Amino acid sequence: MAEGATNPDETQNLTDGFHLLIDALKLNGFETIYGVPGIPITDFGRMAQASGIRVLSFRHEQNAGYAAAIAGYLTKKPGICLTVSAPGFLNGLTALAHATTNCFPMILISGSSEREIVDLQQGDYEEMDQLAIAKPLCKAAYRILHAEDIGIGLARAYRAAVSGRPGGVYLDLPAKLFGQVMEAEAGRNSLVQVIDPAPAQLPAPSAVERALDVLKGAERPLIILGKGAAYAQADDAIKALVEKSGIPFLPMSMAKGLLPDTHPQCAGAARSTVLRESDVVMMIGARLNWLLSHGKGRTWGDAPKKFVQIDIEPKEMDSNVEIAAPVVGDIGSCVFALLDGMGSDWKAPPEAWVGAVVKKREDNIAKMAPRLVNNNVPMDYHGALGVLRTIIAERPDTILVNEGANALDFTRGVIDIHKPRKRLDVGTWGVMGIGMGQAIAATVETGNQVLAIEGDSAFGFSGMEVETICRYKLPVCIVIFNNGGIYRGTEEDAESGDPATTVFVPNSRYDQMMSAFGGVGINVTNPDELKQAVNDAMDSGKPTLINAEIDPAAGSESGRIGNLNPQSVLQKKK
Ligand code: OXT
Ligand code: ADP
Ligand code: MG
């Protein structure tokens, strides 16, 4: 067989769509596919697995898609999700849109029905014009009709996903394509190895100079680090810039750990103070969207503010407020240029500002400390998180996956992250259901242990993937903060006779779901038991699910974002 080719029929000098796609993926270093098999991609999955690509089979495409999206975030290489046509494609589409919204590179590859029948709407098996539906929800969408275009089609998808602002790409593969036969040599020659898929984008020197001038004029400067900065993997340069500047930094949720949350310049525990009081804010890979109150209003205080923004996407500038100093380029190049321009005589910000931030941070940390050592039964969030915070400090390479409302917000505030890209969560949309997909991909891509802290509602969106975790024997420890419902487990509806819309079966035992598939399932009622169970799971590396009984009354509506709920003036909330 010719070197690098996978097709046993090459003795006949022929290849086909199946093998060309596998060869194209391998040529470009794609090692893992996340998906769900079925017509017309089952054989492709089998052949890919036989060829040495790791093909991880999920229970639902949405979870495979979330896995692919986060794989893209963690590796800077698009995660691949493979689905069947119409319903499988639609299941994967939510994840593709999520990837695009979050700027994660991902390629959704879906089999599709025959074009001739779809276009005449003659009712094919799983008929759907998938390309048209995908287009508005992703960064780019392509269809490959001929085997000789597989190489160029994959190359286009790869480059579109990672270059510029990363995002999701859809690749439509009609069933007929897989079986198309062509000369093996011509097939080999049609493949494309993508050179420099995400080219460096250098900022203009004048933009760098302008940014430094604005920073130099600051009395109360602040740096905000977003998940784009974590994605960029320019960790050392960002650390050097922050430390050389002496400016306090505020990490967005998934940027926690880019510099440790325990770093002396970290202002995570003084969030509202630094947003309100700062006069110059430098955003690095973060958008001024809802998570930052769009850069205006009460959160940001009354005093005028100047923004410096580093981003690869020029259109991001002035999206919500005026950006005084836009620096467009990739974060690594921009940060290096800024560092260079700062020279050796850079002046640290005024001591009054730095000292005030440190004081606020220490006050808030001291205020929280006693709540983290409570031994209440049933547990509240803080008692449970106190022990988990220590475990993460002792095992800083663990990747923390986190979703829920109170389960999300309290965890984000309490658990310090110590290394880059070790916190994964609901992202820009605040979407529930990312948990198990992220947990699986995080360990598959990095080899690290995963601790998933999940609200009981959040877990339910992807809970069936515990079977996947058991099947592949993954070192994932899931802790369900089980408060019996969405936000709280206490609501009643006296009028309808049905349970209130936010409550679940009380005292559910999610741990038994894990035991059903041969994993370790444990129920815990206090922080000591929780600590023991998580440490055991980490030591053993066995798939584990811990049902942590949380006081059903401990949470609040929508966690920290209850203010986003519209209010009826006609009906008082119960
Ligand atoms: O500075 P101040 O004084 O303000 O204090 C701040 C920090 O300085 C301080 N802090 C600290 N103090 C001491 N020590 C330390 N270390 C420290 N660190 C910080 O603490 C405060 C707060 O800091 P924080 O959190 O940084 O600041 P703040 O103000 O909260 O930040 C604002 C935001 C907006 C940036 C932040 O709140 C944020 O990132 N929020 C994300 C919220 C989010 O995305 N939520 C998820 C969506 S909610 C809802 O939509 C849900 N649904 C509907 C649904 C969804 N989402 N998706 C789908 C597909 N379908 C439906 C559902 C179904 S949630 C949900 C399920 C919920 O039920 P669960 O059972 O899963 O969960 P439970 O609630 O647990 O029951
Ligand atoms: P957060 O939610 O943490 O605030 P966002 O997802 O809102 O972060 O913002 C991430 C930003 O980072 C996006 O505007 C995106 O264009 C940008 N970005 C992503 N990767 C890079 C990169 N390599 N270089 C520069 N900017 C990047
Ligand atoms: Mg809950």
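Which spacing do the donors of the magnesium ion (ligand 3) follow along the chain? They follow the spacing D-x26-N-x1-G, and the legends below take up this site and several others.

This is a predicted model, in which local features need pLDDT of at least 70 and side-chain atom pairs count only at pLDDT 80 or more, while totals for chains, interfaces and linings use all residues. Residues are numbered from 1 along each chain as its sequence is written, chains are lettered from A and ligands numbered from 1 in the order in which they are written, and side-chain values use heavy atoms, with hydrogens and water left out.

**View 1. The magnesium ion (ligand 3) and its protein donors.** The ion is held by D456 through OD, by N483 through OD1 and by G485 through O, and these atoms lie 2.0 to 2.1 Å from it. Donors are here N, O and S atoms within 2.8 Å of the metal (3.2 Å for Na, K and Ca), and because water is not among the atoms, sites may look incomplete. N483 is buried, with a relative accessible area of 2%, and G485 is also buried, at 3% relative accessibility. For these words, buried means under 20% relative accessible area, exposed means over 50%, and partly exposed lies in between (1.4 Å probe, protein chains only).

**View 2. The surroundings of ligand 1.** A shell of 34 residues surrounds ligand 1, and the closest are Y381, R412, G430, D456 and R560; a residue is counted as near if one of its heavy atoms lies within 4 Å of the molecule. Polar contacts are pairs of N or O atoms within 3.5 Å (within protein, one must be able to donate a hydrogen and the other to accept it, and residues adjacent in sequence count only if both atoms are side-chain atoms). A polar side-chain atom of R412 lies 2.7 Å from an oxygen atom of ligand 1, while a backbone N or O atom of G430 lies 2.8 Å from a nitrogen atom of the ligand. In the side chain of N483, an N or O atom is 2.9 Å from an oxygen atom of ligand 1. On its own, ligand 1 has 1,500 Å² of accessible area, and the protein covers 79% of this; such areas come from the Shrake-Rupley method with a 1.4 Å probe, and for residues only the protein chains shown count as cover. Two or more residues of the shell come from each of α13 (271–277), α15 (351–368), α17 (406–414) and α19 (456–460), and α17 gives the most, with six residues. Helices (H or I, at least four residues) and strands (E, at least two) are DSSP runs, numbered from the N terminus.

**View 3. The surroundings of ligand 2.** Around ligand 2 there are 19 residues, the closest being R165, K227, R287, D311 and I331. An oxygen atom of ligand 2 lies 2.8 Å from a polar side-chain atom of R165, and a backbone N or O atom of K227 lies 2.7 Å from an oxygen atom of the ligand. A nitrogen atom of ligand 2 lies 3.1 Å from a backbone N or O atom of I312. Taken alone, ligand 2 exposes 580 Å², of which the protein buries 96%. Helix α11 (residues 227–231) provides the largest share of the shell around ligand 2, namely three residues.

**View 4. Salt bridges of R421 with D235 and of D409 with R412.** The structure holds 22 salt bridges, each a side-chain nitrogen of Lys or Arg within 4 Å of a carboxyl oxygen of Asp or Glu. In the pair of R421 and D235, the closest N and O atoms are 2.8 Å apart. This pair links distant parts of the chain, since R421 lies in the loop between α17 and β15 (423–425) and D235 in helix α12 (residues 235–245), 186 residues apart. Both R421 and D235 are buried. In the pair of D409 and R412, the closest N and O atoms are 2.9 Å apart, and both residues lie in helix α17, three residues apart, about one turn of the helix. D409 is buried, with a relative accessible area of 11%, whereas R412 is partly exposed, at 25%.
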